[in-house]
Amino acid sequence: MAAAAACGLGACNTSNPVLTTGSIAGRAPPMVVSDAERDCLGRAMYFESNRSDEGGLIAVGTVVMNRLENAIFPGGICAVVGQPGQFAAGVLTKPMQEKDLQKVADAADAVLAGERHPQVGKAMYFHTAGRHYPYPNMHYVAVAGGNAFYEKRDARAAKSGSRAENKPDTAAPASIPTFAAASMAAAQ
């Protein structure tokens with residue numbers, strides 16, 4: 001474990017490639033993921049929320065998981081987060097502040113354990129709160145962590161209240177630095 005702690009935020013994995021998360025009653029089923037996938041989820045949550053609001057972190061994590069469960073998005077958390085034009089530029093490579101790592105790791109673990117933001121529901125899109133776009137296919141469901149979360153609906157779906165089928169571009173997974181070692185160091 002000392003070797004893993006020495007990795008810091010570098011691009012290394014621990015000797016244990018799979019994390020398991022506990023089950024939270026009444027939530028989505030828990031997921032077992034690699035350190036790299038957990039890191040990608042945490043990075044999206046960190047760079048896309050205002051970081052001061054746990055609800056905002058969980059809301060962004062909910063969108064990532066919603067996309068993961070939808071076949072129109074690339075498979076795997078890192079592929080979803082690394083998709084061009086969908087998340088903040090550099091989300092998979094920018095350094096994170098050490099003081100935030102434990103909070104982000106805890107929030108990522110909660111999402112992997114099944115916690116979801118109740119108002120985000122099945123929404124798969126968001127943008128900075130306070131901005132409004134005139135598109136009739138945007139159905140807003142929540143505001144959290146400095147973001148407005150919405151579902152995309154086509155004209156027929158907007159009238160009937162059901163979700164639309166939208167096909168964004170796909171992309172290959174990006175190179176992934178990890179933050180798992182920071183969580184392990186904090187646990188010692």
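**Pocket, rings and a salt bridge**

Biologist: What classes of residue make up the lining of the largest pocket?

Modeller: The lining of the largest pocket has six nonpolar, five polar and three charged residues, where Asp, Glu, Lys and Arg count as charged, Ala, Val, Leu, Ile, Met, Phe, Trp, Tyr, Cys and Pro as nonpolar, and the others, Gly among them, as polar. This is a predicted model, in which local features need pLDDT of at least 70 and side-chain atom pairs pLDDT 80 or more, while totals for chains, interfaces and linings use all residues. Residues are numbered from 1 along each chain as its sequence is written, and side-chain values use heavy atoms, with hydrogens and water left out.

Biologist: Which residues lie nearest the centre of the largest pocket, and which strand gives the most to its lining?

Modeller: Of the 14 lining residues, G85, Q86, F126, H127 and Y150 lie nearest the centre, a lining residue being one with an atom within 4 Å of a point on the 1 Å grid (a pocket is an open set of points where a 1.4 Å probe fits, with protein on both sides within 12 Å along at least five of seven lines). Strand 3 gives the most, with four residues, and strand 3 and strand 5 (147-152) each supply at least two; strands are DSSP runs of E, at least two residues, and helices runs of H or I, at least four.

Biologist: Why is the pair of Y125 and Y150 called stacked?

Modeller: Rings of Phe, Tyr and Trp (its six-membered ring) pair if their centres lie within 6.5 Å, and planes under 30 degrees apart count as stacked, over 60 as edge-to-face and the rest as tilted. By this rule there are seven aromatic pairs. The ring centres of Y125 and Y150 are 5.8 Å apart and their planes lie at 25°, so this pair is stacked. The pair links distant parts of the chain, as Y125 is in strand 3 and Y150 in strand 5, 25 residues apart.

Biologist: How do you know that D109 and R38 meet in a salt bridge?

Modeller: A salt bridge needs a side-chain nitrogen of Lys or Arg within 4 Å of a carboxyl oxygen of Asp or Glu, and for D109 and R38 the N to O distance is 2.7 Å. D109 lies in helix 5 (residues 101-112) and R38 in helix 2 (residues 35-48), so the pair ties together parts that are 71 residues apart in sequence. The whole structure has five salt bridges.
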